[in-house]
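This briefing goes through selected features of a structure, grouped by topic. Please read it with the model open.

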Amino acid sequence: MSSTAAGSKQSTVKQRAELALNDEFLRKAVKFTTERLRSGKKSASEEHGNWDDWRERGRQIRLHTIAHLDYYLNLFADNARANGVHIHFAQTDVEAVRIALEIAQRKQAKSVVKSKSMVTEELHLNRALDSIGVEAIETDLGEYIIQLAGETPSHIIIPAIHKNRYQIADLLSAEAGETLAPDTQILAGFVRKKLREKFLEADIGMTGCNFAIAETGSMVLFENEGNARMVTTVPKTQITLMGMERIIPSFEDLEVMATLLPRSATGQKLTVYMSAITGPRRSDDADGPDEMHIIIVDNGRSNQLGDPEFQELLNCIRCGACLNACPVYRHIGGHAYGGTYSGPIGAVLTPALNSNVAEWDDIANASSLCGACYEACPVKIPLHDMLVYLRRRKVESGNGSKLESAGMKGFSAVMGDARRMRSALKIGQFGQKLVVREGGIRLRLGPLKGWNTYRVAPSLPKHTFRDRWKEVDRDAQMKGKPLDPAVQARMEAIVKQRQQGGGHGHGGHA
Amino acid sequence: MKVSLFITCLSDAFYPNVGESMVRLLARYGVRLDFPPVQTCCGQPAYNSGYWDDARKTAATIIEAFDESDFVISPSGSCTGMIHHYPKLFEHDPVMRVKAEQLQAKSYEFTQFLVHVLGVTDVGATFPHKVTYHPSCHGSRLLGVKDEPLALMQQVKDMELVPLPFAEDCCGFGGTFAVKMANISGAMVTEKADHVLESEAEVLVGLDMACLMNIAGNLRYRNKPVRVMHLAELLYEGVERA
Amino acid sequence: MDMADTHKEWLQQMELQSQAKQKSFIDGISAKLGRPRTEQPPVHPFRGAPDFWRTFEWTAEERIERFGANFRAAGGYVERLSDMDEVRRFISDKAVEWSAKYVVRQGQPELDELNLEDALENANVAVWNSSVDEEWKARAAEADFGVVLADYAVAYTGSITVLSSKNKGRSVSLLPTVLFAVIPAERMRTRLGEPLQQFDAIGREELPAGIHFISGPSRSADIENDLTIGVHGPGVVYALIVG
């Protein structure tokens, strides 16, 4: 992934976010779409009912599969091979690309039609195909649009979230050689017609993989447009790129994933198409690929295995719910994250896959740790905790900022001792006199610059709570009432229960 | 029975009235709070920024401060939530880890204690204002404090509780995030304050002074006269008024 | 040596490489997981849907009603017809209404009995894979109508399930402009898990190459969130529930 890593060095998430924050259309479009998806998810999960039980079941299935990934992946490979699929294993992006290109060359392919696949984005496969003279055509409407624009997806489910219909009309008009009106029906109609030809003449269909079923060797695709079905039905050769963690044990387990994924992604009960492909076409079938390849890709995934803090990342089912829930994503959009995957999952996944925490850490900083991602996640990945672990790893590897590091030393020195904290507050109470106006501080200097660009900072009152404690306590007791014996009994029971090992029952996810 | 107040550094230094309201309100139920003066900060700024060695130093101070307590009550879901991270923080220190788990088990956010331990939802308050409530992320999402504040607010006489649009969205505080990613944080707090204004409430109430300081700061910056207060303050003021 | 032979040889070569790679790849996973390779099937205590869900079932009438509501909400059309004669009439009427010229249908006996070939006077009706030297995908691509018989339907999600075989093309439910799916009422299930469990029971060797769940017309919201119907697949889908 050297190319994206280099991208991160050219600019910081802060600079990229700056561009997004100043792009009025982008912010409005992202807000509008994420709000629509978020409320769709909310009503779909509420209507379905027992949502947390389903999430927990989904999480358990994913945990179980990843904990036994050696067994299930091996079983999948054996079964898919028995179905007549050519299975390939790629440890790295380079290897995966090499295999895909070799197949394309062997098939003397001129064009490849692709349905949406984040793995191929990760591998920058289109560029590689182009380099050997094979035309790669994205066929998902949104992906097609951003391919024409020469951009990358900014949302995992709605790739062209950042484009408006006028921009899209310009892109498609250039392709059509005539002016197309900025009307959704007209634009989509043009794409349908144009891509129909492409499907029919393409030598290879290329897909990603939502789930792979170990016990039957089947691969499963979820989509709304029908392009993934086109890609797996019309061309003579199918190549599927699959992250090695996409496995689930059985079709029965697919019911749980099919319950969680579409509802979390778009609020649908099921995507318009859910297809399970089990091998190439049977000898007397009249459609489906003659030859089918599945390339199983590691590319950094196995680095999370056996790491208790990050193994759960492999549970991700790529629904995009965390993007829609994330208040930071909503303000800055996907491109500000600078990697293939954006939003909270991208902020953690990108450095995890690349194993280069130090370079990517500024993305981990672009979070208020509000936990909306965790709450939205259909398989309960604790992304907010992982972001903290990433920050810690950066500090532990000696890549923390010098200034911040000194600041934190000062923080712990002061806050590790109440007397020092008290002295610091006294200094503050005295020092602020120069800048306090009407009980607030508006000065935009030093550490207050960022804060005071949007807010007035509060000033320290004359007395802290601890200064007032004795007086408040005395006064409160004078007006106080006796403790209800029933409450006393309850409190004693709670303490007793706690001593017997209970007592964690009053909230908290940890 | 030793019920201790974990005031949190922010309320201690900037918002002493929050602690005062808690002390006075609980005294009415016969709960005399204890205040161990050696307490400082929960260590969250260091923990969240990845400086766990520094976080451990402050966490150890808190663990020691409340070693003798039976219940530890705090006016912040976020700082109480931080205590839930202590076992992880000390995962390689068997002695401290056990102490951390003990502290976690006896720590309560203020409304959790009021509703679940004291069994109180009607404190007898009257508050004749239009009020909206911001559920802070750490308290509501990670600690699970959702129904408690609502149960308490519903019993306040003459108070009109109006919904806050997109209430569950983060206000953009996030500790050092507000400084490091000032413009993203600024966009978030501006949106949050917009929603507060949209609710047309006279008073914004919450359970975490950090978030409230953030939103209040933006409202004040824009010269919007919305009063911002902790629920403990609102309840006690309402009791005094009644 | 012609291309086919060298390609076959190349595939065999790749196959050997892949099998060798599989061992090291999987062993690598075991090593990362910090334990020896598991050969025995692990105990999977969380297989499939939660227990409370497995007993959930609607009555036959309710299934049809819910399917209809869901399918319509997704932009599809639903008709309740009493028998195959009504199906024939319905499709014939639509063919006139749409001036359909080309129709492609699956080759199942139930659809043979419909005898659309005679009923649709102005249309050319092709039966999928009924001759060897036909370009079947092209026939489906040019078709105005595709007619399929559902293998299952799922009320809870409003889905039609079609399985591929010699006389059941995947293209027939995909390439035509308008799709008619005939659903015998007794094939209507409540939960998605019901047909899915069937596939586990059928087992790998007997599974068809293509299993497709279709829950309405092809759609996209990729342009400014504006819902567009019929992006790649059929834009008009009729679910014809019979019986």
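B:T132 is part of strand β5 (residues 130-133) of chain B. The model is predicted, and the points below describe that prediction.

**B:T132 and its surroundings**

- B:T132 has a relative accessibility of 0%, and because buried means under 20%, B:T132 counts as buried.
- A polar atom of the B:T132 side chain lies 3.3 Å from the backbone nitrogen of B:L164.
- Leaving aside residues up to four places away in sequence, B:T132 touches B:L161, B:V162, B:P163, B:L164, B:V196, B:S199, B:A201, B:V203, B:L204 and B:V205.

**Chains and nonpolar cores**

- There are 2 pairs of chains that touch, and chains A and C have the most contacts among them.
- Chain B and chain C share no contact, and their closest C-alpha atoms lie 20 Å apart.
- The largest nonpolar core has 173 residues, of which A:L254, A:M274, B:Y86 and C:F67 touch the most other members.
- Helix α13 (residues 251-265) of chain A gives the most to this core, contributing 8 residues.
- A:L254 touches A:F211, A:I213, A:V220, A:F222, A:I248, A:M274 and C:L196, again not counting residues up to four places away in sequence.
- Another core, of 50 residues, lies apart from the largest one and includes A:A476, B:L26, B:V205 and B:Y236.

**Helix α21 of chain A**

- Helix α21 (residues 418-431) of chain A has 14 residues, which at 1.5 Å a residue should span 20 Å; the end C-alpha atoms are 20 Å apart, so the two values agree.
- The buried residues in α21(A) include A:A418, A:M421, A:L425 and A:Q429.
- Viewed down the axis of α21(A), the buried residues fall within an arc of 75 degrees, so they line one face of the helix.
- An α-helix has 3.6 residues a turn, so residues three or four places apart point the same way.
- A:R419, A:I427 and A:F430 are exposed on the other side of α21(A).
- The packing partners of the buried residues of α21(A) are α20 (402-415) and α23 (465-479) of chain A, together with α1 (9-13) of chain B.
- The N-terminal end of α21(A) is capped by A:D417, which has a side-chain oxygen 2.8 Å from the backbone nitrogen of A:R419.

**Strand β7 of chain C**

- Strand β7 (residues 178-184) of chain C is mostly covered, with 7 of its 7 residues buried.
- C:V178, C:F180, C:V182 and C:P184 point one way from β7(C), C:L179, C:A181 and C:I183 point the other way, and all are buried.
- Strand β4 (residues 145-149) of chain C runs parallel to β7(C) and is joined to it by 5 bridges.
- In this region C:V148 stands opposite C:A181 of β7(C).
- Strand β12 (residues 236-242) of chain C also runs parallel to β7(C), with 7 bridges joining the two.
- C:P184 stands opposite C:V242 in β12(C).

**Two open sheets**

- An open sheet of 8 strands with mixed pairing has the order β8(A)-β5(A)-β6(A)-β9(A)-β9(C)-β6(C)-β5(C)-β8(C).
- β8 (247-248) of chain A and β8 (188-189) of chain C are at the edges, each with a single partner strand, so one side of each has no neighbour in the sheet.
- Strand β6 (residues 218-223) and strand β9 (residues 273-277), both of chain A, run antiparallel and are joined by 5 bridges.
- A:V220 stands opposite A:A276 in β9(A).
- In chain B, 4 strands with parallel pairing form an open sheet in the order β2-β1-β3-β4.
- The edges of this sheet are β2 (33-34) and β4 (107-109) of chain B, each with a single partner strand, so one side of each is left without a neighbour in the sheet.
- Strand β1 (residues 3-5) of chain B pairs with β2(B) in the parallel sense over 2 bridges, and B:L33 in β2(B) is the bridge partner of B:V3.

**Residues with positive phi**

- Most residues other than glycine have a negative phi.
- A:N299 is not a glycine, yet has a positive phi of about 45 degrees.
- A:N299 lies in the loop between β10 (291-297) and α14 (321-325) of chain A, and is buried with a relative accessible area of 8%.
- C:N115 is not a glycine either, and has a positive phi of about 55 degrees.
- C:N115 lies in the loop between α5 (109-114) and α6 (116-119) of chain C, and is partly exposed with a relative accessible area of 31%.

Terms used: Residues numbered from 1 in each chain as written. Chains lettered and ligands numbered in written order. Predicted model: local features only at pLDDT ≥ 70, side-chain atom pairs only at ≥ 80, totals over all residues. Heavy atoms only, no water. Contact = heavy atoms within 4.5 Å. Core = buried A, V, L, I, M, F, W, Y, C linked by side-chain atoms within 4.5 Å. Buried < 20%, exposed > 50% of the residue type's maximum accessible area, 1.4 Å probe, protein only. Expected span 1.5 Å × (residues − 1). Arc of directions from axis to C-beta. Polar contact = N/O pair within 3.5 Å; in protein donor to acceptor, adjacent residues only side chain to side chain. Pairing = 2+ DSSP bridges.
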